[in-house]
Amino acid sequence: MDSDTPPIIVDIDGTLTDESRAIDHRVMPVLREWPARVVIATGKAMPFPIALCEFLGIERTVVAENGGVVFVEPTDELRLEGDQEAALAVGEAYRDLGHNLGFGQVDLANRWRETELVVSLDQPLEPLEELAAARGLVVLDTGFAYHVTDPVVDKGTGLEAVCAELDLEPAEFLAVGDSVNDAQMFDLAGEAVAVANADETALERADRVTDASYGDGFLEAVAPYRD
Ligand SMILES: O=C(O)COP(=O)(O)O
Ligand SMILES: [Mg+2]
């Protein structure tokens, strides 16, 4: 790798993981040694990508909750955006219809969420979409959860916020991801790569699709920059 290596913005689930949702350990030295900025962009709540950065030993620069939460080191910028009250109201109304969020009582999927709400994929989608639309929100199916999200944010607005802090341009970035929640960051990045297991939206919006899936796909996506 040399000084021409682009900054990278990378999704977690489906991209850095294997089929069982565990991080593919081979991606870790790649991210740790990446000579330009690494941004972890995920639908997960902030503690997950922050912990990933900490354990990797890299600067903590993350886009969480599909763009609702942005944290940038070293400027210490924390930006929260999105109508979480509306998302929580959707959850309440969904429960009133007799459904539940599907993550059990402790609900580690929502516990640290600050701008949106997630519902398990084994719960009914249609009533959730209706309730969300009535409050100006959208439901994103990432293949891992249904996200009730404010459409004013996405991973693309998150990338823009990171860039504004760090004096970078979105077009300088290499983006790697696998699903609909990566589409807007794909549109802004200079090069967008979908791993082979990506959903239709991500495949369509990518500049390049890898032959390999999951962590293998990520390693293939970055290979041209590591030779
Ligand atoms: O939390 C999800 O549903 C997806 O997470 P991801 O954006 O890291 O793939
Ligand atoms: Mg993903």
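Leaving aside neighbours within four places in sequence, D11 is in contact with A41, T42, V176, G177, D178 and D182. Two residues are taken to be in contact if their C-beta atoms, placed from the backbone, lie within 7 Å. I begin with this residue and then turn to the rest of the chain.

Colleagues, this is a predicted model, in which local features need pLDDT of at least 70 and side-chain atom pairs count only at pLDDT 80 or more, while totals for chains, interfaces and linings use all residues. Residues are numbered from 1 along each chain as its sequence is written, and chains are lettered from A and ligands numbered from 1 in the order in which they are written.

**The annotated residues**

What does the UniProt record, an unreviewed entry, say of D11? It marks D11 with the annotation "active site". UniProt positions are given in the numbering used here, feature names are shortened, and annotations may be inferred rather than shown by experiment. D11 sits in the loop between β1 (8–10) and α1 (27–32). Helices (H or I, at least four residues) and strands (E, at least two) are DSSP runs, numbered from the N terminus. D11 is buried, because 29 other C-beta atoms lie within 10 Å. The term buried requires 20 or more other C-beta atoms within 10 Å of the residue's own; exposed means 12 or fewer, partly exposed lies in between, and the C-beta atoms are placed from the backbone.

The unreviewed UniProt entry also carries the annotation "binding site", which covers D11, D13, D178 and D182. These residues are spread over 172 residues of sequence, yet they cluster in space, with a largest C-alpha distance of 11.0 Å.

D13 is likewise in the loop between β1 and α1. It counts as buried because it has 21 C-beta neighbours inside 10 Å. Not counting residues up to four places away in sequence, D13 touches R21, T142 and F144.

D178 belongs to another loop, the one between β9 (174–177) and α6 (183–188). Its 30 C-beta neighbours inside 10 Å are why D178 counts as buried. Beyond four places in sequence, the contacts of D178 include D11, G14, T15 and N197.

**The sheet of eight strands**

The strands β1 and β9 belong to an open sheet of eight strands with mixed pairing, in the order β5-β4-β3-β2-β1-β9-β10-β11. Two strands pair if DSSP finds at least two bridges between them. At the edges stand β5 (77–80) and β11 (208–209); each has a single partner strand, so one side of each is left without a neighbour in the sheet.

Within this sheet, β3 (residues 62–64) and β4 (residues 69–72) are joined by three bridges in the antiparallel sense. There, V63 stands opposite V70 in β4. Helix α2 (residues 47–56) lies across β2 (38–41), β3 and β4, and runs at about 155° to β3. For such angles, axes are lines fitted to C-alpha atoms, for helices over the stretch in contact, and the values run from 0 to 180 degrees between N-to-C directions.

**The sheet of three strands**

In what order do the three strands of the other open sheet stand? The order is β6-β8-β7, with antiparallel pairing. Its edge strands, β6 (117–119) and β7 (138–141), each pair on one side only. Neighbouring strands here are turned by 25° against each other on average, direction ignored.

Three bridges join β6 to β8 (residues 146–149), and L117 stands opposite V148 in β8. Helix α3 (residues 84–96) packs on the sheet, touching β6 and β8, and its direction makes about 30° with that of β6. Helix α4 (residues 126–134) packs on the sheet as well, touching β6, β7 and β8, with a direction at about 140° to that of β7.

Four bridges join β7 to β8, and V139 stands opposite V148. The hairpin of these two strands has four residues between them, and G143 there takes a positive phi near 90°. Both faces of β8 are covered: Y146 and V148 on one side, and H147 and T149 on the other, are all buried.

**The two domains**

Finally, the domain assignment gives domain 1 (8–80 + 153–225) and domain 2 (84–149); such bounds come from an automatic or database domain assignment. Taken over C-alpha atoms, the domain centres are separated by 23 Å. Across the boundary, 15 residues of domain 1 are in contact with 13 residues of domain 2.
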